[in-house]
Number of protein chains: 4
Amino acid sequence: MTAHEDLWILTAQCPSRLGTVDVVTRSLAETENYVFAMNSFDDRATESFSIRVELRPLGGQQSIERFCAIFEERAAAFDMQWELKAPDHRPRVAILVSKYDHCLNDLLYRYRKGELAMDIPLIISNHPDLKPLADWHGIPYFHLPITPETKPQQEAELWQLIQDHDCELVVLARYMQVLSPDLAAKLDGRAINIHHSLLPGFKGAKPYHQAWDKGVKLVGATAHYVNNDLDEGPIITQGVQSVDHSHYPEDLVARGQDIESQTLARAVRYHIEKRVFLHDNRTVVFPD
Amino acid sequence: MTAHEDLWILTAQCPSRLGTVDVVTRSLAETENYVFAMNSFDDRATESFSIRVELRPLGGQQSIERFCAIFEERAAAFDMQWELKAPDHRPRVAILVSKYDHCLNDLLYRYRKGELAMDIPLIISNHPDLKPLADWHGIPYFHLPITPETKPQQEAELWQLIQDHDCELVVLARYMQVLSPDLAAKLDGRAINIHHSLLPGFKGAKPYHQAWDKGVKLVGATAHYVNNDLDEGPIITQGVQSVDHSHYPEDLVARGQDIESQTLARAVRYHIEKRVFLHDNRTVVFPD
Amino acid sequence: MTAHEDLWILTAQCPSRLGTVDVVTRSLAETENYVFAMNSFDDRATESFSIRVELRPLGGQQSIERFCAIFEERAAAFDMQWELKAPDHRPRVAILVSKYDHCLNDLLYRYRKGELAMDIPLIISNHPDLKPLADWHGIPYFHLPITPETKPQQEAELWQLIQDHDCELVVLARYMQVLSPDLAAKLDGRAINIHHSLLPGFKGAKPYHQAWDKGVKLVGATAHYVNNDLDEGPIITQGVQSVDHSHYPEDLVARGQDIESQTLARAVRYHIEKRVFLHDNRTVVFPD
Amino acid sequence: MTAHEDLWILTAQCPSRLGTVDVVTRSLAETENYVFAMNSFDDRATESFSIRVELRPLGGQQSIERFCAIFEERAAAFDMQWELKAPDHRPRVAILVSKYDHCLNDLLYRYRKGELAMDIPLIISNHPDLKPLADWHGIPYFHLPITPETKPQQEAELWQLIQDHDCELVVLARYMQVLSPDLAAKLDGRAINIHHSLLPGFKGAKPYHQAWDKGVKLVGATAHYVNNDLDEGPIITQGVQSVDHSHYPEDLVARGQDIESQTLARAVRYHIEKRVFLHDNRTVVFPD
């Protein structure tokens, strides 16, 4: 028996107001949708409401349709954005990479063994290096080399590929290109990046070398949504790893790759399991 | 701004059934009680439902009274046990100790600085050793020495003290006496013990010596509710600490004391913040 | 600059006695072998001595030869077992698997990216399932199906393969066959197994189901040397992962696979980096 | 049996050079000092050598005296600074505090139960608030209020107190005054501060509020030696604690206090157990 395999997930968010929880749960109960787990949080700081429900429609598809029919109008009265994810829905995810393969390999492994319930219709890279890895997994690999001159044109191509393949999430798995503000805006809330530092610690180039220079005893990684503020988007999750004096910069890089892979995979899982809610520059995350 | 200081906490549990969440949230909304955070879990294994709500009565005391008035009957229809904890309610907690002071000192410190929002009307011990520590904190200390002959009589006295001081929780902070089945039954679900091992690992005497003998690389501690099955009550939380070859048994004991103190304090905090639900031999815990 | 890439590793162990450290370091200094890092431990419990030295021969191969020439006799006087590992020596490792692929995939990835400085001349399995994974990595895969009747013969074949391929380490990466006492004895101190529990917690079948039944809040894994006492060999390293009420047995299995993979990979790395010393049923481990 | 109670600790450091380890171990062996544990590290980055030895003089005090007699000259030839700490030597430690009591209470508890083998001849504060805590532990408390005008004079007094009480270590346990460059220089390498952030993350005032504003999922603390670069001294150890969206700034402060206390206590223990070596702005730490 596993926890989630046959459950629908309802998520909703809106400005804070009396009755937000009630309108959700009442609509579910009236339409015979059984609640197995629920989390809600009303943030006094951002005055925003988030709710996530794991449910089973006792009357099958009919319960779902009845819920949608009555909830649409009610939710609108609360300015509520909501989504209902079927148990067999697999979000389509585009992965962007450059030359480092540790995050890609980790994601593909977790995907292959079923830990990440998503489809990966394509991998896009500005380098050809990781094509054999994609090939072995049977995933189309698009090589879009980028120079300062070709960047606008290649980003347009990249955006076209994402649309053509109907991707709802883009994962930057150590993709070493900064997205243009325009593309970042188009991907708002649905592009996840991994930064190889505990933001806001070490920004810019070679954070592990900076960390080594300071003699840190911990290195970390931050998974965050991409926005226009480079390396400063809303944080989804962070990971940390201890190091010591015997680790030279290249050792920190190696240690960091483990924590980067794990942190990015966790962020992707949280996103596709609908555990992350974005309000301005802050996230609400209901972990398992 | 802190998260919890002005919030009421509603908890409820009952057998699994459609509508459990709805009856709670609807009753809250109707009586103008504002929900800030909510967790519910419906366990398919034990077919039981648990819910915890942090709320603020928009209409003050009147909202609370109106809620209690309408919810009592509704809850009864679900065989629901429920409690509503006021923000300023401080549960009264009796602490039982023997000679080890690490858990007691840790609890008293967290209590004194406000991390544990409880009152400690008394400390009871089968030894006089820790009286000075109790004295400094201004807490009455009752010395009830126990021999096989006097145990029934002293346990009766202990029970009387708990009742006289109106304690709703008893914490066994390395209390080295096994409670009789009768007393354990009276304290069912409201006595927390700390076991110095990762149950069900090393039972019986000297678990750290057993651990050392096996050459373990981790030692741990388990906080659990007391029941008649010695060291096997429902687990609330567990902690772990790494060790290595250089640690002799007495070193493991010292390392273990840190993780015992932290684990017990966390369990007590979860209990008094109403985060723990007990269903048969298993717990549902909504951590923060 | 990385810590280890150009360094030789000297390891030695013997019964406790005055002068053990001195005979090692003096012999190194006399032959112009430069010590970069050293750990020694003299265990009062087992009365045994272990030392590990990372060094660079200032006089190149000549320094190494001079050291070996003078140290052999000196070490013998202490009943010292010792080994000197060249920086470019890559131990040959046979991996044994059954059907689970999480540990194998993890090992192959770390091997491929250079984190595990070893060669894998072959993978042996009692099932054909993981052959495609071996193929992609270009590693010969030997399928030795085992029934009660064929076990002795197939174990003989397995042992022959290990010898033919000159393997100095055998890794049981969720190999679901118990080795016979005879084979276990032949592989004494050079076969590593991963057990999916925090030994000595849950032995026998389905430890995650046992753990779930007890309502544990932590699951773990133990990497240990194989010996004749099933699941009770000397522990190399252990890992732990938190779980909660929402995790059903199959969820624990999934969570456990992550910690199994990490724990086994760490044990293998410790072994091939010569960080583990075995004295009777206990290990001394000098981690990085 | 505990690991350390009857052992002497020898520490030494000097510029990197062939023979550093040998001169130490040879001198110990010649004088019948038995080595139980040893760690050395030769840092290619700072070209410095550090060694720590736990030993027992087989010939008692005579072995110690003979060692000192022959080692003094030999060490000088390597420009080696060295110290030999007797098992019963308890370093004298002055603790500086302001109003926060969490670190002080934690240090006093660990001191009282024997985890920190030191003496605390005095506590110094710029506020009177924590005097009762000092009184209960029977430790003299000196109140040195500081204003911009009186700072030089009070720092002179503080320095005098440290000297009069013969303190070899000063612990700033959330002491909210910046030491003057002059006093910092006098205390170089023997004053430990706790910073309530994972340096170099959030410097300056209210790091937890900064952290909350960024929506971090981890908070941390850094224990470091005091130097003239505020909050940037050589790092001894760091700790980390997970947080989430439900934690408002004051909750982060509370969570952070736990990790501050633990991190500072660990740094103090490392220092008094002679595990920390300072080379320029970086430390070598041999943990247990």
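These numbered points walk through some helices, helix pairs and single residues of the structure above.

1. **How to read the model.** This is a predicted model, in which local features need pLDDT of at least 70 and side-chain atom pairs count only at pLDDT 80 or more, while totals for chains, interfaces and linings use all residues. Residues are numbered from 1 along each chain as its sequence is written, chains are lettered from A and ligands numbered from 1 in the order in which they are written, and side-chain values use heavy atoms, leaving out hydrogens and water.

2. **Helix α5 of chain B.** Let's start with residues 151-164 of chain B, which form helix α5 (helices are DSSP runs of H or I with at least four residues, strands are runs of E with at least two, and both are numbered from the N terminus). From first C-alpha to last, the 14 residues of α5(B) reach 19 Å, close to the 20 Å expected at 1.5 Å a residue (the expected span is 1.5 Å times one less than the number of residues). Its buried residues are B:Gln154, B:Glu155, B:Leu158, B:Trp159, B:Leu161 and B:Ile162 (buried means under 20% relative accessible area, exposed over 50% and partly exposed in between, with a 1.4 Å probe and protein chains only). Viewed down the axis of α5(B), these buried residues fall within an arc of 155°, so they line one face of the helix (the arc is that of the directions from the helix axis to the C-beta atoms).

3. **Around α5 of chain B.** The face of α5(B) turned away from the buried side carries B:Pro152, B:Gln153 and B:Asp164, which are exposed. The cover over the buried residues of α5(B) includes strands β5 (92-97), β6 (119-125), β7 (141-143) and β8 (169-172), along with helix α6 (181-186), of chain B (contact means heavy atoms within 4.5 Å). Just after the helix, B:Asp166 has a positive phi of about 60°.

4. **Helix α5 of chain A.** Buried here are A:Gln154, A:Glu155, A:Leu158, A:Trp159, A:Leu161 and A:Ile162. On the other side of α5(A), A:Pro152, A:Gln153 and A:Asp164 are exposed. A:Asp166 follows α5(A) and has a positive phi near 60°.

5. **The α3 pair of chains A and C.** Two packed helices are described by the angle between their axes and the distance between the axes. For helix α3 (residues 102-112) of chain A and helix α3 (residues 102-112) of chain C, the axes come within 11 Å and cross at roughly 165° (axes are lines fitted to C-alpha atoms, for helices over the stretch in contact, with angles from 0 to 180 degrees between N-to-C directions). That makes α3(A) roughly antiparallel to α3(C) (angles under 35 degrees count as roughly parallel, over 145 as roughly antiparallel, 65 to 115 as roughly perpendicular and the rest as oblique). The crossing of α3(A) and α3(C) is right-handed (left-handed if the near helix is turned anticlockwise from the far one by less than a right angle, right-handed if clockwise). A:His102, A:Asn105, A:Tyr109 and A:Arg112 of α3(A) meet C:His102, C:Asn105, C:Tyr109 and C:Arg112 of α3(C).

6. The axes of helix α1 (residues 20-30) of chain A and helix α1 (residues 20-30) of chain B come within 9 Å and cross at roughly 140°. That makes α1(A) oblique to α1(B). Their crossing is left-handed.

7. **Two buried residues.** D:Tyr270 sits in helix α8 (residues 249-272) of chain D and is buried, at 9% relative accessible area. Leaving out residues up to four places away in sequence, D:Tyr270 touches D:Ile236, D:Thr237, D:Arg275, D:Val276, D:Val285, D:Pro287 and D:Asp288. C:Ser40, in strand β2 (residues 33-43) of chain C, is buried at 3%. Among the residues that C:Ser40 touches are C:Phe49 and C:Phe286, as well as D:Val35 and D:Met38.

8. **Positive phi in loops.** Most residues other than glycine have a negative phi. A:Lys274 has a positive phi near 60°; it lies in the loop between α8 (249-272) and β12 (276-279) of chain A and is buried at 15% relative accessibility. D:Asp79 has a positive phi of about 55°; it lies in the loop between α2 (61-77) and β4 (81-85) of chain D and is exposed at 58%.
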